Amino acid sequence: MKVLVTGGLGFIGSHTVVELQNEGFEVVAIDNLSNSSLDVLEGIEKITGKRPEFENLDLRQKENVQQFFKKHADISGVIHFAASKAVGESVENPLLYYENNISTLVYLLQELQAKETAHFIFSSSCTVYGQAETMPITEDAPVQLALSPYGNTKQIGEEIITDTTKVTNINAVLLRYFNPIGAHSSAEIGELPLGVPQNLVPFITQTAIGLRKELSVFGNDYPTPDGTAIRDYIHVVDLAKAHVIALKRLMDKKNQAKVETFNVGTGKGSSVLDVITAFEKVSGQKLPYKIVDRREGDIVEAYANTDRANEVLGWSAESSLEDALASAWKWEQKLRA
Ligand code: WQD
């Protein structure tokens, strides 16, 4: 089956293209290269022996989306990653986020709505929960008022998809990611943050390799065991595999509703200091860091209840925090070799 992966050269997109090709899917990747590079295609080919079909397209141009589906009329499976995803940037530039993350989703769904059947996997985020009341977080936890335009685009995206599936032949799975980290074991693909990394793990690996002087730990006065904030760090390959399983579920008509929602995490919470300790263990390097003030907008704690993903989707994370950190470190060393 031919599958469209939007944002297919991005961090999670590229790892998902690898897993799709490993499973025999024919993949067409779209990317506008705003936050990725063509080298990723080489990496995917080195890992799988197959270079996915690629189109450098900006999905914000409606005619681009229309042309694409005219050319690829046989595509009825879409995994949609393409979106802007920096929380801080979204606060500064909300319209860039609403245009890029919402209009592109609408254009894709408009092309799928006329099809006999269509399968749509959406890249959502645990951000939709805000600071959930109860840990671990279940999919029934209330979606709270978004703390950023980025988070709002994920909430709105879920609603657009839900409304559309009610009146079309589109079936969808919403995957609410926790914190994706790490890289493919081959170190042929991985995270390519532009500029100063916003996320914890790339900042750690860039500090360890000497690109950054020290890590700033954003606050150690949270109501947690060691005072630093807790997250659920999931290996990006485990996350990628969840997308293939979700797509197959829709193709095999195993879905029990037009839209199904799954938390994709490990189910374990790790504090910032836990991550630092684990990284020092796997890298054999001391990590220079200092404690600074909390970062505006950060939540205290988020980790997934993965029962539904384990029991209904039939997926569970296989890699540990240390495995993921070791793969991130191997990738960083390869990048700077
Ligand atoms: C993790 C923890 C920081 C950097 C965001 C988005 C989420 C998803 C993943 C897109 C927090 C601390 C971080 C640093 C630090 N993105 N930290 N020093 O904020 O949990 O999630 O990225 O889908 O939607 O919200 O991830 O990696 O930025 O932070 O102390 O230099 O590390 O305070 O506790 P976050 P993160």
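## The Glu45–Arg51 pair

Glu45 and Arg51 form a salt bridge, with 3.2 Å between the closest N and O atoms. The model is a predicted one. This pair belongs to a network of salt bridges that links Glu42, Glu45 and Arg51.

## The Lys248–Glu23 pair

Another salt bridge joins Lys248 to Glu23, where the closest N and O atoms lie 2.4 Å apart. The two residues are 225 residues apart, and the pair links distant parts of the chain. Lys248 sits in helix 8 (residues 236-251), while Glu23 is in the loop between helix 1 (11-22) and strand 2 (26-31).

Lys248 is partly exposed, because its relative accessibility is 30%. Glu23 falls in the partly exposed class at 44% relative accessibility.

## The Lys213–Glu214 pair

The side chains of Lys213 and Glu214 also meet in a salt bridge, at 3.5 Å from N to O. That value is inside the 4 Å cut-off, so the contact qualifies.

Lys213 counts as exposed, with 72% relative accessibility. Glu214, at 21%, counts as partly exposed; the limit for buried is under 20%, so Glu214 is not classed as buried.

## Total count

Side chains of opposite charge can pair when their charged atoms come close. With the 4 Å rule applied, the count comes to 23 salt bridges. Among them are Glu45 with Arg51, Lys248 with Glu23 and Lys213 with Glu214.

How values were computed
Residues numbered from 1 in each chain as written. Predicted model: local features only at pLDDT ≥ 70, side-chain atom pairs only at ≥ 80, totals over all residues. Heavy atoms only, no water. Helix = DSSP H or I, 4+ residues; strand = E, 2+ residues; numbered from the N terminus. Buried < 20%, exposed > 50% of the residue type's maximum accessible area, 1.4 Å probe, protein only.
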